[in-house]
Protein chains: 2
Amino acid sequence: MTDQIKIEEIINSIYQVSSASRAKITSAMEIEFFEMGFDFISVNKKNIKEYFVLEGICGSYITNPDGDKVFISFFPEKSILSPFTTRTSKGFSLITIKALTNMKIGSINAEVFEKLMVEDLEIREFANTVLRNELKKKVEKEIGFASLSAKERLIKLRQELPYLENIIPHPYIASYLGITNVSLSRLRKEIR
Amino acid sequence: MTDQIKIEEIINSIYQVSSASRAKITSAMEIEFFEMGFDFISVNKKNIKEYFVLEGICGSYITNPDGDKVFISFFPEKSILSPFTTRTSKGFSLITIKALTNMKIGSINAEVFEKLMVEDLEIREFANTVLRNELKKKVEKEIGFASLSAKERLIKLRQELPYLENIIPHPYIASYLGITNVSLSRLRKEIR
DNA sequence: AATTCATTTTAACAAATGATAATGGAACTC
DNA sequence: GAGTTCCATTATCATTTGTTAAAATGAATT
């Protein structure tokens with residue numbers, strides 16, 4: 001499958017957009033490759049791109065006062081990273097995003113994308129849907145944290161990303177679940 | 001101050017809107033009164049309104065499997081409740097919203113508001129700003145939970161809503177902070 | 001196949017948090 | 001103003017979770 005087709009698939013999976021409008025997006029996109037472990041967006045640095053994950057998986061995290069990474073979200077293949085505006089404050093990134101495997105990513109300058117939004121209703125609707133989905137994910141996560149135990153959250157995470165425990169370091173997963181890697185290991189034993 | 005002026009103030013504090021457009025909103029609004037303790041939006045019930053808090057304070061919560069209320073957000077005077085679409089799934093409310101004091105609230109049918117959005121660009125921009133602010137709050141809360149201890153989260157909450165501990169039951173605040181009311185009491189003693 | 005390296009699991013202990021119930025204090029009622 | 005009610009605080013104890021370090025596992029390399 002070509003990169004372009006993959007990008008168009010991602011767009012259409014979120015909001016049906018005419019091929020003409022899709023082409024506006026894809027033609028302004030670049031393909032980038034990141035090696036596993038690379039932080040391609042860094043907290044307190046400038047970054048003005050929107051990203052589509054074509055291959056691999058990445059995760060957003062922040063570093064707490066103890067210096068530990070706390071993962072906020074994971075972005076698997078065929079997903080779109082949290083939109084630029086939602087992860088940026090006063091021009092600087094609020095979070096770091098780390099490639100958790102080798103990755104192939106489609107990127108587009110956020111200002112260019114903003115222009116496309118203004119001039120093209122379909123693209124605007126697509127972007128608003130991305131934003132609403134982002135909010136929906138946050139609400140779901142918020143409710144999950146409020147109503148579920150760590151064990152239940154792990155079970156839920158496994159339903160969404162079953163392979164995650166096999167490909168990324170467990171301390172990252174533990175931080176996402178709000179527990180230590182030792183507790184994660186105890187849970188894994190428990191719910192084998 | 002009349003209710004109408006208060007509503008217009010709330011609108012303008014979020015996004016500058018012409019008085020003509022503001023009037024479209026206010027003229028479609030009703031004033032409602034809720035007694036302290038009343039759940040005016042209930043989980044798994046239908047609710048299709050947008051709400052502006054004119055007087056008093058309310059909070060959204062979910063009930064976990066143990067039957068405990070876990071508070072998600074607080075909405076003080078002059079704030080707007082999370083928009084209908086963000087707290088509703090398949091027509092049913094995801095959360096319950098409880099009046100934590102006696103309240104006066106401005107409400108507008110969400111479908112009516114949706115129509116105003118479609119026909120009026122300013123109102124649409126206002127609504128999109130509300131949505132973006134909602135997302136921003138969730139991101140802030142998410143990052144706060146990831147990077148702060150319960151004690152630091154309490155300090156932050158006090159900066160935002162200093163009077164909260166004096167007017168609502170501490171178990172509600174504790175659930176918001178992710179701790180028990182006993183632990184909250186210990187923290188209060190510590191950071192007196 | 002042996003070695004090395006990274007990572008998860010396990011163990012032992014310490015610390016923090018939760019559960020339960022008793023105590024204390026403030027507001028309200030009669 | 002005594003009694004009642006509702007909460008927050010405190011105390012005690014049990015449980016959970018975290019910390020640290022050692023052991024086991026598994027993948028990669030020579």
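## Contacts with DNA strand D

A backbone N or O atom of B:H170 sits 2.7 Å from a phosphate oxygen of DNA strand D, where a polar contact is a pair of N or O atoms within 3.5 Å; within protein, one must be able to donate a hydrogen and the other to accept it, and residues adjacent in sequence count only if both atoms are side-chain atoms. The model is predicted: local features need pLDDT of at least 70 and side-chain atom pairs count only at pLDDT 80 or more, whereas totals for chains, interfaces and linings use all residues. Residues are numbered from 1 along each chain as its sequence is written, chains are lettered from A and ligands numbered from 1 in the order in which they are written, and side-chain values use heavy atoms, leaving out hydrogens and water.

Two side chains also approach phosphate oxygens of DNA strand D: a polar atom of A:S183 at 2.4 Å and an N or O atom of B:R188 at 2.9 Å. Two or more residues of the surface near DNA strand D come from each of α8 (181-190) of chain A, α7 (170-177) of chain B and α8 (181-190) of chain B. Helices here are DSSP runs (H or I, at least four residues), as are strands (E, at least two), numbered from the N terminus. The largest share comes from α8(B), with five residues.

By class the surface has six nonpolar, four polar and four charged residues; Ala, Val, Leu, Ile, Met, Phe, Trp, Tyr, Cys and Pro count as nonpolar, Asp, Glu, Lys and Arg as charged, and the others, Gly among them, as polar.

## Two-fold relation of the chains

Chain B superposes on chain A by a rotation of 180° with 0.0 Å of shift along the axis, at RMSD 0.0 Å (least squares on C-alpha atoms of residues with pLDDT of at least 70 in both copies). This is the relation of a two-fold axis. Within chain B, B:L135 has the C-alpha nearest the axis, 2.8 Å away.

The copies meet through the same surface, because 100% of the interface residues of chain B are also interface residues in chain A (contact: heavy atoms within 4.5 Å).
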